[in-house]
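Subject: Handing over the structure

Hello,

As promised, here is the structure for you to look at. Please open it first, and then read on for what was found in it.

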Amino acid sequence: MSVPDFTLFDTIEQAIFVLTEDPSGNITYAFVNRYMRERLDKPLGEIVGMTARELYDGRASENVYRRHTQAWTSGAEAFHEVAVPVAGETVWVRTNLSPIHDESGRMTHMVGFAHDVTKQKELEQAQTMASAMAGEMEDFVSLAAHDLRSPMANVRMLTDLLREGFVDMGDGKLEMIEMIEKISERALMLVSDVLSQAVATRAQISNRIFNFEDLCDDVLVTLDPSRHHHVFVSPIHVEGDYTAIQIILRNLIDNAFKHAGSNQIEITIDMEAQDDKTLLLTVCDDGKGFADPALAFLDGGELNNQSGFGLLGVRRLVRSRGGTISAVVPASGQGAEVRVTLPGYTLDGNTATKLLASA
C-alpha cells in the first residue's frame with residue numbers, strides 16, 4: 001500500500017500533523033507540517049516516529065499523548081483543547097482530528113488541524129469572572145431594591161391617609177401631597193424595573209461534558225509543567241460549567257503550590273456527585289495549611305489584606321453559580337482541604353463517550 005503524500009500541508013499557515021500507529025501500538029507522528037516544525041524548532045526527520053510523550057516536555061507530554069490515544073481508539077473524528085509548552089510559553093491549542101482509511105476501510109492515519117486559542121481562552125475566563133462579579137452586583141442591587149420597595153409603598157399609603165378628610169386651604173399643601181404621591185409611584189415603578197432587570201440579565205451557566213482528568217492536566221501543565229509536585233486526580237466524566245471549574249481549580253491549586261511551605265507537596269483532587277444535581281469538588285494538600293484569616297474568609301469572613309484576592313475571586317465565582325465553598329483541616333491533621341459544590345452531574349465513561357460523539 002502506498003503511503004499518502006502529506007507534503008502539501010507544508011503550504012498551509014496553520015499547525016497540521018499526521019498520526020499513525022507503530023508496530024508496538026504507540027501513536028506516533030507520521031508528519032508535521034512546516035508551520036508547526038518552525039514553532040517546535042525541530043526538523044521533520046527528528047519528529048517522525050516520535051510520540052507526544054517524546055516530543056513534549058514534562059506534564060504536557062502525557063497529557064497530549066492521552067488525547068491522541070483517545071482519538072485513535074475512537075476511530076472517529078474528534079477534537080480537544082490542550083495546553084502545551086511552545087517556545088517557553090504555555091499555549092492553548094484546539095485540535096480537530098480526522099481519520100484516514102485505506103481501500104479496505106482500515107484506519108491508517110489521523111490528520112490533526114491545530115490552532116492557537118490562548119487569547120480566546122483568556123477572554124472566556126475573563127468573561128466568566130466578569131459575569132460572577134456582575135452577578136454579585138445584581139444580588140446587591142436586587143436586595144437594595146427589595147428593601148426600598150416597602151418604605152416607598154408606606155410613603156404611598158401615608159399620602160392616601162393624608163388625603164382622607166384633608167381640607168384644602170389653598171396654601172399649597174394639597175399640591176405637596178399630590179407631588180409626594182407621584183414621587184412615590186415613580187419610585188415604586190423604578191424599583192420594580194430594577195428587580196426585573198436584575199433577573200433578566202443574570203448570567204447563564206454554560207454546561208458541557210468533559211473528562212475531569214483532562215481538565216486537571218491542562219491546569220497542571222500551566223502551574224506545574226515539570227512535575228515537581230505529586231498530584232492525584234479522580235478519573236471521571238462530568239457535565240458542568242467547564243470554564244468555571246477550570247478557573248476554580250487553577251486558583252485553588254496555585255494557592256496550594258504558593259503557600260505549601262515546601263518545594264514538593266502532594267495534592268489529591270476529587271470530583272464526585274454529592275446528589276443527583278450537585279457536584280462536590282475536593283482539593284486536599286499536605287502543605288502547611290491555611291492561615292486562620294484565609295480559613296475564616298472562605299467560610300464567610302470579611303475580606304482583609306491577609307485573606308488573598310485569589311480566594312475572593314473563587315468565592316465570588318462559586319456563589320455566582322449557586323454553589324458553596326468551605327475549607328477544613330484534613331483528617332490527617334496536616335495541610336488544607338477545600339470543598340466546593342457546584343451544579344452538575346457525573347457520567348460513566350461509556351455514556352460520556354456516546355454523548356460527546358453525538359454532540
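Helix α7 (residues 212–223) has 12 residues, which at 1.5 Å a residue should span 16 Å, and its end C-alpha atoms are 17 Å apart, so the two values agree. The expected span used here is 1.5 Å times one less than the number of residues in the helix. Helices (H or I, at least four residues) and strands (E, at least two) are DSSP runs, numbered from the N terminus.

Before going further, a word on where this comes from. This is a predicted model, in which local features need pLDDT of at least 70 and side-chain atom pairs count only at pLDDT 80 or more, while totals for chains, interfaces and linings use all residues. Residues are numbered from 1 along each chain as its sequence is written, and side-chain values use heavy atoms, with hydrogens and water left out.

Back to α7. Because 9 of its 12 residues are buried, α7 is largely enclosed by the rest of the structure. Buried means under 20% relative accessible area, exposed over 50%, and partly exposed in between (1.4 Å probe, protein chains only). The buried residues of α7 are F212, D214, L215, C216, D217, D218, V219, L220 and V221.

For the overall picture, the protein has 11 helices and 12 strands. Of its 359 residues, 42% are buried. Among contacts (heavy atoms within 4.5 Å) with a separation of 6 or more, 59% are between residues 24 or more positions apart.

Two or more lining residues come from each of β1 (15–21), α1 (34–40), α4 (58–74), β3 (78–86), β4 (89–101) and β5 (107–116). The largest share of the lining, 5 residues, belongs to β4. By class, the lining has 15 nonpolar, 7 polar and 3 charged residues.

Ala, Val, Leu, Ile, Met, Phe, Trp, Tyr, Cys and Pro count as nonpolar, Asp, Glu, Lys and Arg as charged, and the others, Gly among them, as polar.

Some single residues are also worth a look. N33 sits in the loop between β2 (27–32) and α1, and N33 is buried at 0% relative accessible area. A polar atom of the N33 side chain lies 3.1 Å from the backbone oxygen of F9, and the N33 side chain reaches the backbone oxygen of I12 at 3.3 Å.

E337, in strand β12 (residues 336–347), is buried too, at 12% relative accessible area. The E337 side chain makes a polar contact with that of R339 at 2.6 Å; such a contact is a pair of N or O atoms within 3.5 Å, where within protein one must be able to donate a hydrogen and the other to accept it, and residues adjacent in sequence count only if both atoms are side-chain atoms.

E266 belongs to strand β9 (residues 266–275) and is partly exposed, at 37% relative accessibility. Its C-alpha atom is 4.7 Å from that of H230, 36 residues away along the chain.

Most residues other than glycine have a negative phi. D41 is exposed, at 67% relative accessibility.

Best wishes
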